[in-house]
Each structure stands twice: as C-alpha cells, then as structure tokens.
Amino acid sequence: MLIFKLILIVSILLLSLLIAMYSTLFERKIAGFFQDRFGPDRAGPGGIFQPLADGLKLFFKEEFMPAKADKFLYILGPSLTMLVALLTSAIIPWGPGITFKGTHYYFQVADINIGVLYSFAVVSVGVYGIMIGGWASNNKFSLLGAIRASSQMISYELTMGLSIIAIVMMTGSLSLKDIVTAQHGFNWNIWYQPLGFLIFLTCAYAECNRSPFDLPECETELIGGYHTEYSSMKLGFYLFAEYINMFISSAMISTLYFGGYNFPFMDSPALSVNAVGIIGTFVLFLKIGFFGFLYMWIRWTLPRFRYDQLMNLGWKKLIPVAVINMILTGLGIMIFK
Amino acid sequence: MLTKYLFYFFSILAIFASVMVLMSKKPIHSVLYLTLAFLAIAGHFILLNAQFIAIVNVIVYAGAIMVLFLFTVMLLNLNIAIEHQKSNLIKITAVIAAGLLFVTITGATKKLDIVYNHNQVVTQIGMVKNLGKILFSDFRLPFEVSGILFLSAMVGTVMLGKKTGD
C-alpha cells in the first residue's frame, strides 16, 4: 500500500506539472483563437514543443536580485507559492480506483476526515507566497500588488467557505471521499446547489488571481504586480503555480459540484470494477479540462474588474447570497430528509 | 514511535520559531516566525488527534490573523525596527516577571501530570462530529454567548469604520 501511495504521489505531481505546462500552450492557442490569429505554431508541429522552449528560456534567463531585497524572503516567496499550489492535490479523489490481485486501490493520497477544511487551510496559507514575494522585492508596485492579492484572497475566502458549508451540510461529512461517493451516478451536487456552484466558481477565480479578478498583476496600473522584480525561474514558479492552481481548483470544482469521477450509467453490468475505475478517472479529467477551458474562456472574454467593484462584489453581494444559499440548503434538508 | 519523533520535531520547531520571533531584527521576520510557530502548534494538535482544532488553528491564526499582522507591518513599512533604548530597571523587572511566570507554568504543569490519567483520555474527542455534538449540547450556552460576542465585535468594527456624516 505504501508503494502504491508513493507511485500515486509521484504520478500526481508529475501530472500536475505536465498539465500546468501544457495549459500555458493551450491558453495561448485559445487566446489566438479568440483574437482571430494562430497562436504559437513554430516550435514543433502546431507549436507542440512551445512549453519546452518557454521552460528552457526561463531557465537560461539571468537571475536578477534587486538591490536591498531581502534575499531569503525573495527566494522563499515563489517556493512557497509552488509548494502551496501542489498541496491540495493530496486530498482529491482522482478515481474510483482499481482492484489488482484482490486489493482495492482507491486513487486518493490521503482521505482525511477534515478534507474540505484542509483545502481551505491550504488556500488561506497560499497568500503568504505572494505577500512575501511582493514585499521582499523592495518595490512599490510589487508591494501594492501583494497587498491587493492578499486582501482579495482574504475577502473571497470567507464566501468560498460559506458556499462549501452548504455542500458539507448536504453530505454530512467533510471528507472529500464521502462527498464524491454521495454523488454516485448522475446524482451530482450541481442539481441541488446551482447558486452555491456559481458562488464557488467566482471565488475560485478570485483565489487563483485569474481574470476578471487578476488585479494583483494588473499591468496597466502595477506593471507586473507582485512579480515585477522577478526573473528567470523564480518568475517561472509564480506563473507555473498559477496554472497548477487552475488545474487543482478545476479538480476541486469537479469534485464538489460535478460528481468528481462519477458518471451516468456507471452501475451498468457491462462494466467491470476496473473499467469503471479507468473510465472514472478519464471522466474526471474531462471535467477538469472543461473547467480549465472555462478559466481561459472567461479570461479572454471579460474585462478586468475595478478594485472597488471587486470588493463590493465580494463583501456586499456574494456573502449575503452565500448566507441565503446556506439557509435555503438548511431548509431543504429539513423538509426533504 | 514515529509520533514520538514528530512530537520532538514539532516541539523544537515551535520553540525555535518562538525564540526567533523575539530575536529577529526585522518585524516582518518576527511575523513570519510567529506563523511558523502556529503551524508547529497545529502539528501538535494533529498528534493529539484534534484535527479540527489543528486545521482551524491554521485557517484562523496562520491564514487570517497573521496575514493582517503582515499587512500592518508592510503598510507601516517597519523595515528596520527602531530600537527603543530601555532602562536597566525595566529590563531587570521584565526578567524577574518572565522568570516567575516560567516557574508558575512549570509548577502547574508538573502538578497537572500527577492528576492526569493517561489511560482515560478520550482519543476521539477532537473529531469534528464529536466536537460539534458537544459544542451544541453540553456547552450550548457558552458557545452561543461567544457567538454573540463575535457578532457584536463585528458590528462594532463596522460602526467604527463607517464615515461620519452619512
């Protein structure tokens, strides 16, 4: 079992990195499509080697350290961002698992009984990487970007928690495994929680600092935001962590609201346990792919919010709606169960 | 066996971080070390099988309160601490007071160890389910009262933050 877990951890890590790598290419291709141009198409057939070229470029760029920067914190910033981005992948159930030689292997690294809260804690610690990096750069624009990022993330964390509570109330468990199992077949949470899903989606965008909430790196006002002073692979880490965050949050959205690895007709007798296991994982990745695409779709469609609009939306609109959603869920549970 | 090593690891980490909070020259380092201390304490809670408290400790202290601390330090730009020269009298008083506190805590903990029976510890009390049941049954009144206290603090903050005149 230990060996299985090790293999699972390593494969999830490599897969996250690979997917993050190719999301960059995918995003540029989609941007090209939306703007009626080709996107990168020089490196390899259809630009398939573009991420490798980008990676190499980042590695060979000059490592720049601003004068009077806090050296330790300057390096800690991107490392912490990367670490925190990868942490949540440990609790996501990646598939119903396969049975091999009589033992059932469930595709989840750790089924902790506070799963949802764990992901929440990881999100709340995620602020540090950006704040430390922005402060250590010793640059006003970086600092402003870092402060924007952290106040935005703290504000949207609350709403995110309130929207997850509705799911927890419905399932009666904080464990992600239980939440996914409760959505067996086509009994997905989205049918009961459409409002909660919209709130969660909005908050996920804000937490990932993605457009239309990418104010921390708003180039018209702040040059590059918190990573203005970063270059080479340290900048690469920040950018890469954003794509990993997108991947993981898409996985979280699929798991919480769209049944995770569950798919209709999974009980049909034609499918063996192993077939369900493999199709389930595949289905989960299809869902993740769709939400990853949604991230990019929205980025290249919607303009950026203004900062006061962002705060108004978070505090004065989304939180009351999330509380109402919670009360409605409670009433629903009382009446129908 | 592993728990024992983990206990020592988290203890040393917590003590080291706490000492560094005091020793650091830059306030921002102090804040970050304090966060590290909170994370180490969360590790201790997990060792005690109190997962809920551990994770709430991370969310509330490391994730929210310390970020606000960091915020304040960054905005006030307290880069290099202005060292206030304290008089010797204050220093000696502080040492004596801290020493007395240390003696008191050590004495209290030692006394506690004799009364405490390790065999009768309920190991499942830290689980979310049990904790919730106890909070909403045996400790209903204090729980609700503290809730109201938080609410009034929130309302008070909003009132103070409001612009006068509208």
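1. Is A:C203 buried or exposed? With a relative accessibility of 0%, A:C203 counts as buried, where buried means under 20% relative accessible area, exposed over 50% and partly exposed in between, for a 1.4 Å probe and protein chains only. This is a predicted model, in which local features need pLDDT of at least 70 and side-chain atom pairs count only at pLDDT 80 or more, while totals for chains, interfaces and linings use all residues. Residues are numbered from 1 along each chain as its sequence is written, chains are lettered from A in the order in which they are written, and side-chain values use heavy atoms, with hydrogens and water left out.

2. On the cysteines, the structure holds zero disulfides over all chains, a disulfide being a pair of cysteine sulfur atoms within 2.5 Å. The closest cysteine sulfur to that of A:C203 belongs to A:C208 and is 11 Å away, too far for a bond. A:C208 is buried as well, at 9% relative accessibility.

3. A cavity here is a set of points on a 1 Å grid over the protein atoms alone where a 1.4 Å probe fits but cannot get out, and lining residues have an atom within 4 Å of a point. One cavity of 30 Å³ or more is found in the whole structure, and the largest cavity has a volume of about 450 Å³, a volume being the space filled by probe spheres set on the points, which are joined across faces, edges and corners. Helix 10 of chain A gives the largest share of this lining, seven residues; helices are DSSP runs (H or I, at least four residues) numbered from the N terminus.

4. The largest pocket holds about 2,500 Å³ of space, a pocket being an open set of points with protein on both sides within 12 Å along at least five of seven lines. Of its 49 lining residues, those closest to the centre are A:F120, A:L158, A:L162, A:I165 and B:V60. Helix 6 of chain A gives the most to this lining, with eleven residues, and elements of chain B that give two or more residues include helix 3 (51-76).

5. A:Y205 lies in helix 8 and A:Y295 in helix 11 (residues 273-299) of chain A, so the pair ties together parts 90 residues apart in sequence, and both residues are buried. A:F247 and A:F285 are stacked too, at 6.3 Å centre to centre and 25° between the planes. A:F247 is buried at 5% relative accessibility, whereas A:F285 is partly exposed, with a relative accessible area of 23%.

Conventions: Rings of Phe, Tyr and Trp (its six-membered ring) pair if their centres lie within 6.5 Å; planes under 30 degrees apart count as stacked, over 60 as edge-to-face and the rest as tilted.
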